[in-house]
Amino acid sequence: MRTQIHALASPIPGTGHRLCSLHYGPVDRGRKVYIQAALHADEPPGLLVAYHLRQRLAELENQGRLAAEVVLVPMANPIGLGQRLLGRGLGRFELSSGENFNRHYADLSAAAWTGLKPIVEAGQIPSVAQVRAALTAACAELPAETELAALRKTLLGLSIDADVVLDLHCDSEAIVHLYSADPLWPKVAPLAQLLRSKVNLLATESGGEPYDEACSMVWGRLNRLWQQHTQSDGPWPDACVAVTVELRGETDVSHELASADAQALIDYLIDQGYIEGAQPMLPKLLAEALPLSGSLPVKATVGGILVHRPLLGQKVRKGQCVAEVVDPLDGAAVELLAGNDGLLYARETSRVVHAGMSVCKIAGTEALRSGNLLSA
Ligand SMILES: [Zn+2]
C-alpha cells in the first residue's frame, strides 16, 4: 500500500488541509477502482466502512488477489470535517462559499476532446486508455485557486481514469439506496443486490454536476462530440461505472453494519473481476431501478414539531399522511401528505422543522419531476 498526501491550496498562509489517498494493488494492469467516503464530511457510516476496507484491501494485496489498482480515500472532505459551528459539525456545504461539496464538478469532455484531436485527425480512434490520459491531462489543467476548487480537482484527478467509482455517503435517516446513471444499471445491479438496496435511483443527468456524474457521464459526452465531428456513432463504452452509495442514516454506525457493507463492496469487485476469488453468491435483486425523477420530497407546509408516521422502508400511497407538524402553541396538527405512490426511503432527523423544509423522500415508479433532480 502506498499513501499519497495531497496538500490543498490554503486560503491564507499558515492554514491548509491535506487529503490522504491509499493505493493498493498493481498499477500496470490498466484497471482501476476508486472508493471514497464522506464527501459531505460528517457521514460516519462510510468513514467506518473505509476503516474496515483498508484492512481487507491490505490482506487482499498481501495475498496477491488485487487484479486492479484500488484507491481508497477514507476521508474525502477534510475541509468539511473541520467545519463546526456552535458545537455542531456542518459538512454538506462549505461555509466560506455556501456551495454543496458534491456539486459543480468540472465537465472535462471538451478539454479532453481537444487533447484527442491530433489522434482523431490522423484518422484513428483513440483507445479508452488514450481517452483516460486526455481526461487526466485536462483535469490537471483545471484552475484551483480556492481550497474547495483544489479539493474538487484532487478528487476528480484521483478518479477520472477509474473503471469503477464508489462514492460512499449517507442520508439523515434512511435505508440503503443508490444513485447512478441509466446506462450503467446492468453493471450497478450486482452492487444493489449485494448491499440489499431497495431503492436504486437512475438519471441521465441529475443536474448540478455531482461528483459521480463528472466521472461517468463524461464518456457519453465524449461520444456526442465524436458524433458531431465524424457523423458516426461514438466509439467508446461507458468506461466508468460511478455510483453514489447512501449507507443508511447518519447514526447507523456499527461495526456489524460497516463490516458487512465493506464485504459487500469487496464481493462486488470480485464479481466484476477487479479482485480475484471465488465468485460470490449474488442475493436476489430486491427492487428494480427507479427514475430519480420519480422520487418526490414531502415538504413541511408549516413549522413546528415533526412527528413521522410510517416507518422507513414502508410503501405509501399518494395522499397518505406521512408526517404531522404539531404546533404546541395553538394545538394544531397539520398532516403532510405523500405526493406519489412509492417507498419512503429517507427522512429528516431534526424533529423541529421550519415551513418549507423537506421532511422525507418517497421513491415511485412514475417520472414526475424535471430540471435539477438532486436536493440542495
Ligand atoms: Zn452525502
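Q: How are the donor residues of the zinc ion spaced in sequence?
A: The spacing is H-x2-E-x125-H. Before going on: this is a predicted model, where local features need pLDDT of at least 70, side-chain atom pairs count only at pLDDT 80 or more, and totals for chains, interfaces and linings use all residues. Residues are numbered from 1 along each chain as its sequence is written, and side-chain values use heavy atoms, with hydrogens and water left out.

Q: Which protein donors does the zinc ion have?
A: They are His40 (ND1), Glu43 (OE) and His169 (ND1), lying 2.1 Å from the zinc ion. Donors here are N, O and S atoms within 2.8 Å of the metal (3.2 Å for Na, K and Ca); water is not among the atoms, so sites may look incomplete.

Q: Where do Glu43 and His169 sit in the chain?
A: Glu43 is in the loop between strand E3 (32-37) and helix H1 (44-62), while His169 is in strand E7 (residues 164-171), 126 residues apart. Helices (H or I, at least four residues) and strands (E, at least two) are DSSP runs, numbered from the N terminus.

Q: New topic: how is the protein chain divided?
A: Into domain 1 (2-288) and domain 2 (292-363), with bounds from an automatic or database domain assignment.

Q: How much area do the two domains bury between them?
A: About 1100 Å², 59% of it on carbon and sulfur atoms. That is the accessible area (1.4 Å probe) that two parts lose on being put together, summed over both. In domain 1, Glu173, Ile175 and Leu201 lose the most area to domain 2, together 45% of what that side buries.

Q: How many salt bridges are there between the domains?
A: There are 3, counting a side-chain nitrogen of Lys or Arg within 4 Å of a carboxyl oxygen of Asp or Glu. As for Glu173, its side chain meets that of Arg347 in a salt bridge (2.7 Å, N to O).
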